[in-house]
Amino acid sequence: MSLYESIIAGLTEAVEDARSEHKVLKRHTMEISDDVPYTAPQKFLNNIPVLAAE
């Protein structure tokens, strides 16, 4: 099975599961509390040079 066929098969399975009343695929959920704001430093943009256009 090619990568494309594998992706299409997975998407088709997900669509069929979403439309059916009896869910067979596993679902993982996560709750994020609004009490403590997440303030991680944005390190990924610090080393990118930005050119100023005039």
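## Polar contacts of Lys23

The backbone oxygen of Ala18 lies 2.9 Å from a polar atom of the Lys23 side chain. At 2.7 Å, the Lys23 side chain also reaches the backbone oxygen of Ser20. A polar contact here is a pair of N or O atoms within 3.5 Å; within protein, one must be able to donate a hydrogen and the other to accept it, and residues adjacent in sequence count only if both atoms are side-chain atoms.

Lys23 belongs to the segment after H1 and is partly exposed, with a relative accessible area of 37%. Buried denotes under 20% relative accessible area, exposed over 50%, and partly exposed the range in between (1.4 Å probe, protein chains only). Apart from neighbours within four places in sequence, Lys23 is in contact (heavy atoms within 4.5 Å) with Asp17 and Ala18.

## Basis of the model

The model is predicted: local features need pLDDT of at least 70, side-chain atom pairs count only at pLDDT 80 or more, and totals for chains, interfaces and linings use all residues. Residues are numbered from 1 along each chain as its sequence is written, and side-chain values use heavy atoms, with hydrogens and water left out.

## Overall composition

The protein chain contains one helix and zero strands. Helices (H or I, at least four residues) and strands (E, at least two) are DSSP runs, numbered from the N terminus. Of the 54 residues in the protein chain, 2% are buried. The chain exposes about 6,100 Å², of which carbon and sulfur atoms supply 58%; accessible areas come from the Shrake-Rupley method with a 1.4 Å probe, and for residues only the protein chains shown count as cover.

## Helix H1 and the following segment

Asp17 is placed in helix H1, which covers residues 3-19. Asp17 has a relative accessible area of 3% and is therefore buried. Beyond residues up to four places away in sequence, Asp17 touches His22, Lys23, Val24, Leu25 and Arg27.

Ala14 is also located in helix H1, and its relative accessible area of 36% makes this residue partly exposed. The C-alpha atoms of Ala14 and Val24 are separated by 9.6 Å, although the two residues are ten apart along the chain.

## Exposed side of the helix

Tyr4, another residue of helix H1, counts as exposed because its relative accessibility is 60%.
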